[in-house]
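Colleague: Hi, I'm new to this one. Could you walk me through it?

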Amino acid sequence: MNGETDITGADGVPDPVTADLRLSVNGVPRPVTVDTRETLLDTLREHLGLTGAKKGCDHGQCGACTVLVDGRRALSCLTLTVTADDVEIVTVEGLADGDALHPLQAAFIENDALQCGYCTPGQLCSAAGALAEAADGWPSAVTPDLSAPPRLDETEIRERMSGNLCRCGAYPGIVAAVGQVAR
Amino acid sequence: MRPFTYERPADVRSAVAAAAGRPDAAYLGGGTNLVDLMRLGVATPRTLVDVTRISSRAIEETGGGLLIGAGVRNGDLAADPLVRRAQPLLARAVLEGASGQIRNMATVAGNLLQRTRCPYFQDVTKPCNKRLPGSGCPARTGDHRNLAILGHSEHCVATHPSDMAVALAALDALVHVEGPGGARTVPMPGLHRLPGDEPDRDTVLAPGELITAVEVPHLPFAARSRYRKVRDRASFAFAVVSVAAALDVAGGVVRDCRIALGGVAHAPWRAEAAEAALRGAAATPEEFARAADAELARSSPLPRNAFKAPLLRNVLVRTLTDLAEPAGFAESEPVETP
Ligand SMILES: Cc1cc2nc3c(=O)[nH]c(=O)nc-3n(C[C@H](O)[C@H](O)[C@H](O)COP(=O)(O)OP(=O)(O)OC[C@H]3O[C@@H](n4cnc5c(N)ncnc54)[C@H](O)[C@@H]3O)c2cc1C
Ligand code: SF4
Ligand code: FES
Ligand code: FES
C-alpha cells in the first residue's frame, strides 16, 4: 500500500491513489498495482486476463460477476480490489481441475443450462457457493425448519440461486443442473 | 468515482481516530451499499476506513441474550445455530434480504446503516433533500410507490430498506457504538430517525461513531415469531411491506406481543399502537384487524402508495392469525403483490 494522505492536486481535483497488492487468484499469487477505486471485477478482467466473470449490471443486481472469496460466493463488482489482498479468490477459470470439468460445469452442459452463456460463469460460481453453504447446513428463506439440515429440492435451489439472473431464461436447466450435483 | 485513500486501522480505537473530525471519511463494511453509492456519485468520501478486519465476527451468549459483532456477515448471522435457536425472527428476516452473494458480504453494521433506495436519492441529476438538503423532494409528487406511509414529512418520504433492522426493532435490540466522545448504546427502535426537517440524517449517530456490536435480549416467546415480507417478485427484491411479529398467547388471550413494520417508514416502524391494542385482547382475527387499524390510523399514504395501507393490514392480520394457531404455525407460501 502506498496511499498518501493528501490526495488533492494543485487544481483542487483529487489525484488517483494507487496501491501495490498481491492477490491470490485461483491459487496463483498475482501482483497488481491498482487504483483504489478499481473493483475486483475490473481487475480480474482488465489486468489479469480473467474474463470469465462478467459485468452484467455493475450494481449487485444480477450475479454475473460472482466469484468465490475464501470459499464463499461474493460479487466482484461491489468488491474493491484493494480490500481483497488477504483472501483467496476463485473465479470460474479456477473451478475445473485441469481438463476435468467441475461437476457443475458438466451438469450445466448435460442439462442445457445456458443459451448465450453470459450469465453462466456467475451461475457456476454461485452454485458452487450455494452447494457449500447447504453442505454447511445453512438455511434459506424457504427452509421450513431452521433447526433441520436443508434438503436441496427445486424450491430451495430457486431461492438460493435468486441472486443470479438469466436474461435467456435458462432457469429450468440451471435448476436441474444444480439439483443433479446436489444429489 | 472520486479518488480516495484506503486505510485499514489496527483496532477499533485507531478506526475511530482515523475518522474523527473528518467528515469526508467513511467506514467501509462489506461495501455492498457504499461502493455502489460511490459509483453513482451519491457518496464521495476522500478516505475509506475499512473496518471489516477489526469488527468482531463473534456471536456470543450473554446472560440476557445474544451479542452479535458488527462485522458478522449477514450469511453467517442467519446460519448461526445460536441465532437460529434463540432468535429465529432475526434469522428469518436476514434470510429474506438481498441474495446469497450479498448476504455473504454485508455486515451487521453496514446493513443497519444502508441508505434508502428512493430512486431520486440514487440519481445525482435529480433534486433530493436527503442527498442535497434544501433541493426539494420530487418523490412526493413523483415515484413514491415504494416509499413511506407512516411518519414521513413534507421534506422526505423515503423508507429504510433493511429487513434485518425490522426484526431488531421488534426485538428491542441495543446497538453498541464507539465514537470520538466514547462508548454508548443506542436502543432499537431509536437508532433510525424520522425525516422531519433533516432528512439528510438517517440515524441518531454522530459523525465518526462506529457500530461495534448489536445486543439482542432474550425473548421468552421468540419461538412463536414470524417475518413476513411482500415484494414484487418471489425473491431478491426489497420489501414493499414487511411484518416482524412475535406473539405470546395463553388461553386464547394475547399476553404479550412485539410488532415492527418494514417498507413503510424512514425507520423500521415499531407498531406501538397495535401492540397496545393487542395486549389483553382475544387472539382472534377480529382483534388483530382492530390492532392493525389502530396502527394505520396514524398513516398518511400518498396517491401512488395508498395500496400499502390495506396490504399491510392484511399481512399483519394474517401473520398474527398464523402465529395464534394453537399448534404454532405452518410456513405458508410467500405473498406476492399484484
Ligand atoms: C441488489 C441488492 C439487493 C438488496 N436487497 C436487500 C433486501 O432485500 N433487504 C435488505 O435488507 N437489504 C438488501 N440489500 C442491501 C444490503 O443488505 C446492504 O447493502 C448491506 O446490508 C450493507 O452492508 P455492508 O456491510 O455491505 O455495508 P457498506 O456498504 O459497507 O456500508 C453501508 C453504510 O454503513 C456504514 N458503515 C459500515 N460499517 C459501519 C460501522 N461498523 N459503523 C458505522 N458505520 C458503518 C458505511 O460507512 C456506509 O455508510 C440489497 C443490496 C443490493 C445491492
Ligand atoms: S423521498 Fe427523501 S430520499 Fe426520496 S427524493 Fe424525497 S427527500 Fe430524497
Ligand atoms: S455485475 Fe455484479 S451483480 Fe451484476
Ligand atoms: S444464458 Fe444468456 S443470460 Fe443466462
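Predicted model: local features only at pLDDT ≥ 70, side-chain atom pairs only at ≥ 80, totals over all residues.

Colleague: What is the phi of B:Phe236?

Modeller: Phi of B:Phe236 is near 55°, which is positive, and the residue is not a glycine. Most residues other than glycine have a negative phi.

Colleague: And is B:Phe236 buried or exposed?

Modeller: B:Phe236 counts as buried because its relative accessible area is 9%, and the cut-off for buried is under 20%.

Colleague: Which residue in chain A has a positive phi although it is not a glycine?

Modeller: A:Asn26, with a phi of about 55°. You'll find A:Asn26 in the loop between strand S1 (18–25) and strand S2 (28–35) of chain A. A:Asn26 is partly exposed, as its relative accessible area comes to 25%.

Colleague: OK, where is there a cis peptide bond?

Modeller: Between B:Met188 and B:Pro189, where omega is about -5°. B:Pro189 belongs to the loop between strand S7 (182–187) and strand S8 (210–217) of chain B. Most peptide bonds are trans.

Colleague: Switching to chain A as a whole: how many helices and strands?

Modeller: Chain A has 5 helices and 5 strands. Along the sequence they come in the order β-β-α-β-β-β-α-α-α-α. Of the 183 residues of chain A, 51% are buried, and the C-alpha atoms fill a box of roughly 60 × 40 × 30 Å along the principal axes.

Colleague: What about helix H3 of chain A, how many of its residues are buried?

Modeller: 14 of the 16 residues of H3(A) are buried, so that helix is mostly covered.

Colleague: Why does the span of helix H3 of chain A agree with its 16 residues?

Modeller: At 1.5 Å a residue, helix H3 (residues 120–135) should span 22 Å, and its end C-alpha atoms are 22 Å apart, so the two agree. The expected span uses one less than the number of residues.

Colleague: Last topic, ligand 2. Which residues are closest?

Modeller: The closest are B:Cys118, B:Cys128, B:Cys137, B:Cys156 and B:Val157, out of 13 residues that surround ligand 2. That shell splits into 10 nonpolar, 2 polar and 1 charged.

Colleague: What does UniProt list for residues 1–221 of chain B?

Modeller: An unreviewed UniProt entry lists them as "domain: FAD-binding PCMH-type". In the model, that span is 24% helix and 18% strand, and its end C-alpha atoms lie 48 Å apart.

Notes:
Residues numbered from 1 in each chain as written. Chains lettered and ligands numbered in written order. Heavy atoms only, no water. UniProt positions renumbered as here; feature names shortened; annotations may be inferred. Helix = DSSP H or I, 4+ residues; strand = E, 2+ residues; numbered from the N terminus. Near = heavy atom within 4 Å. Nonpolar A, V, L, I, M, F, W, Y, C, P; charged D, E, K, R; others polar. Buried < 20%, exposed > 50% of the residue type's maximum accessible area, 1.4 Å probe, protein only.
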